[in-house]
Amino acid sequence: MDFINAIILLLNYIIVPALSYGSQLALGAIFVTLIYGILRFANFATGDMMSFGTMFAVLLTWYFQSLGISLGVLPTALLTIPFAIIMMILYMLIVDKLVFRYYRIKKSPPVQLAMVSIGVLFVTQAIVRIIIGPFDRRFFDGERFILKANEFKEMTGLNEGLSIKSTQVITIVITVIVVSMLFWFLNKTRTGKSMRAYSDNEDLALLSGIDPNRVVMITWVIAGALATIGGVLYGLDKSFKPFVYFNNMLPIFAAAIVGGIGNPFGAFLGGYVIAFAEIFITYAYKKFFMYLLPESLEPDSLMQLLSTDYKFAVSFSILVIVLLFRPTGIFKGKVL
Amino acid sequence: MRQYANVITAYAIMIVLIILVGIFQSWNVALSILNFCLISAVMTMGANIQWGYAGLINFGIMGYTALGGLAAVLVSVAPVQEAWAVGGLQMIICVGIIAGIVFSIRYVLRKIEKSKKRNYLIAVIIIIGLILLRVIAGPATEHIEAVNPAKTGFLGGLGMPILFSWIVGAFFAGGLAYIVGKVALGLRADYLAIATLLISEIVIAIIKHEDWLSRGVKNVIGLKRPVPYEVDLQSSSWFIDLVEKFHSGKLQLINSLAERQDVLNQLVIDASSVYVKLCLAGLFLIVVIILLIITQKALYSPWGRMMRAIRDNDEAANAMGKNVVKEHLLIFILGSAVVGIAGAMMVTHDGLFTPGSYRPMRYTFLIWVMVIVGGSGNNFGAILGGFAVWFLWIEAAPIALFLINFFTSHLPETNALKIHLIDSAPYFRFLTMGIGLLLIMRYRPKGILPEKIIKH
C-alpha cells in the first residue's frame, strides 16, 4: 500500500506536471528548431512571438465571453486558437517580408540574422505591451479539474490524492495531435519533404526545382501555428504574462539544443527532458522516502537536491553540459 | 581633422541634446542621464572589445554587470562580525572544498588516460564534493542568515572604500569570463550567444538566492559613496556661499529677507544633488577616458591588427602562427572585465544592489543595441552608441507621451483609446529601440560611426 502511495505521490507532483510543462516546451522547441533548420538563424524573438499569438487568443476569449459563446466544460480559448493562429501567421509573414527577407536574399551570416531577431524581439514586446499591457492575465474558464485530490482519495482509499487539471490533459492531448500531424506532414507529404530537403542542403534543393519562397512561407505558417498553440496552452495552464513568456525563451532554447537543433523530433523530446530534469531535481523527496523506507530510516531533511529557486538554472546547466560533451544534441541535429 | 568631422559632429549633437534636457526638464535629470550614458559607454566598450575587435558574441553582459555590482557590495560593506563568528569558518572551508574539487579533477584529467574509469572517477569526486559542501554549508548558511535578518543576515564585505570595487569587479567578471571562455568559446557563434545568455541567467539565479553572500533579493542598501552626501553639503557653509554667489543676480531681485532665505534653501537643495551627480560624472568620465586611451592604443597596435585578422579570417591567422584559441580567451576576459567595471560603477552610482533588477532586456540586449547602433569595432562609435541609445531609452517615454497627446488632442479626455495609449507610453521605448536597431542594421549596417582602418 505504501508503495502505491509513493507512486501516486510521484505521479501527482512530478510526472503529470512535467508532462504538461514538457509539452508546452516541446511546441516552443519545435518552433525554434524549424526556424533554425530552414531559415538558419537562432530566433531570439521566440518567447515574444508566442506571447503575441497568445495575446490574440486572450483578447478573443474576452470578446467571445462578452458575446456569451463558450465551450461548456472546455475553456473558450480553444475556440479562439484558429483565429489567433491566423493573426499570428499574418504578423510573421509581414515581419518576414519587412525584415528577414532582405538578409536571407543577401545571404547574411546567421549571427546577423540573430541580431536582427533582437530588433524583432524589441518591437514585438512593445506591441504586446502596448496592446494588452504587462500584467498577469487569466483567461481560463470551464471546468478546472478532471480529477480532484480528495475525490481520488475517496475512490481508492489511498492516503495520497491525485489531482489532474483539465488544462494538463488538454495540453498533452493537443500536443500529441499537433506533433503527430507535423511529423506526418514533414515525412509523408510532398511539401514536407521539400522542406526537409531545403533544410538539409539548400543548393541541392534549389537545383531540384524547390521554390525557396514557398518553403519559407510554409515554415512561417507552421511555426506561427505551433507558437500560438504552445503559448495558449501555457497561458491556460498558468497565466498570460508577457515577461514570463520572454523568460520561457531560455528553457525552450535549452530544449531545442539538447534535442539537437534542426531536428524536430529531438526538439519534441528535448522539451520533456528539460521539464522532467527541472522538476526531478528540485522536488523534495522527503514524503516519498517516508512511504518507502521503514520508520527507523526516515530522512530528517527535505531530501531535495536543489531548491526550487534554481529551477531554471537546472535546465541551463543541462544545456551547458550537452553543449560541452555532445554539441550536436542528444539526437543528432545539425553539426556545429 | 576632416576625417574626425563626423565623430565631432555626432558628439556635439549628443552634448547639445543633454544640455537641452537640462534646460527644458532639469539639470538633475540631465546629469543622471549623463551618468548613465557614461556607465553605458563603459559597458558598450566592453562588448565592443569582444564583438568589434574579435567577432565574439557575448550575450552574458548581464551576468558580468551583476558580478561587478556584487564586487561593490563585497568591497564596501563593513564585515558582519557575528555572522563571521557563526559561519565564517565553514564558508572558508567550503571555498577550500570547491578548490579541492577543481584541482583534483584537473589532476585526474591530466594523469589518467581518457577512459570510462576516468569519467567515473570524476563523477565520484564531484558527488563527494557536493555532499561535503551540503553538509558543511547547509547549517552555516542558516546560522549566517539568522543574524539580524532585517539588516544584515550575510557575511558582509571588507569595509574598504567603494572605489576599489571598480578594480575588484573587473577581476570578478574576468574570472567568470575565464571559466565561460574555457567552456564555451569553441562553439559556433549563435550557440555561443545562447550559451552565454543562459550562463548569465545562472549567475543571476545564484546571486538572487544565496542570501548569505549578498542578501539575495532582500537587496543591500546604503552603500558608501566616494563623493559627498547631499545632507552634508546642505549644512556646510562653503557650499551655501558658493550657491549664493552663483545665483547672486537672481537673489538680489528678491526684496524680502525671509523670502530670499527660502529661495536660497531651495537652490541649495537642488544644487547639492547636482553637485553630487557632477562629482560622480567626473569620476565616470575619468574611467571612460582612461579606457578610451587604452582601447584606442590597443586597437591600432600590432595586437589589435592581429585581433582583426583573427576576426576576419581565423584560419589564415592560425596558419600565420597566431594562437586563435588563446587570443579569443584573452579578449573575452578583457571585454568582460570592462563590463565588470561598469557594473561596479553602476552600483556605486545608485548606492544599492538589487539583484532582482538584473534583467536580460535591460542589461544584455540593450547593450547590444548600443554596440550595433554606435558602430562595432570603433571605440568612439561604441561610446556614442551608449550615449545615444541610453538617451533615447530614457527620453522615449516623454517623447511618446508628447506625441500621443498631440495626435489625440481632438479626442475627449475620457476616450478609452487615449487613456490606454497614455498608460502604455513607457512601452514605446521598446518600440523605439527595436525600430532603431532594425533601421540601422538595414541601412547602415556598420553603425553610426563605422570602423576605421588606419593604413600604415
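How many helices and how many strands does the secondary structure of chain B come to? The answer is 19 helices and 0 strands. Helices here are DSSP runs of H or I with at least four residues, strands are runs of E with at least two, and both are numbered from the N terminus.

Before I continue, a word on the source. This is a predicted model, in which local features need pLDDT of at least 70 and side-chain atom pairs count only at pLDDT 80 or more, while totals for chains, interfaces and linings use all residues. Residues are numbered from 1 along each chain as its sequence is written, and chains are lettered from A and ligands numbered from 1 in the order in which they are written.

Let me begin with chain A. Chain A contains 13 helices and 2 strands. Its C-alpha trace spans about 70 × 55 × 35 Å along the principal axes. For 336 residues, a compact globule would have a radius of gyration near 20 Å, and the 21 Å of chain A agrees with this. That radius is taken over C-alpha atoms, and the globule rule is 2.2 Å times the number of residues to the power 0.38. Of the 336 residues in chain A, 45% are buried; a residue is buried if 20 or more other C-beta atoms, placed from the backbone, lie within 10 Å of its own, exposed if 12 or fewer do, and partly exposed in between.

I turn now to chain B. Its C-alpha trace spans about 90 × 60 × 50 Å along the principal axes, and buried residues make up 39% of its 456 residues. Helix α4 of chain B, residues 81–111, has 31 residues and reaches 43 Å from its first C-alpha to its last, close to the 45 Å expected. The expected span is 1.5 Å times one less than the number of residues. At B:Gly87, α4(B) bends by about 60°, the angle being that between axes fitted to the seven residues ending there and the seven starting there.

Finally, how do the chains meet? In total, 31 residues of chain B are in contact with 37 residues of chain A, contact being defined as C-beta atoms, placed from the backbone, within 7 Å. On chain B, the elements giving two or more residues to this side are α7 (189–209), α16 (360–374) and α19 (428–443). The largest share, 12 residues, comes from α7(B).

In the loop between α6 (164–184) and α7 of chain B lies B:Arg188. B:Arg188 is partly exposed because 14 other C-beta atoms lie within 10 Å.

Conventions. Contact = placed C-beta atoms within 7 Å.
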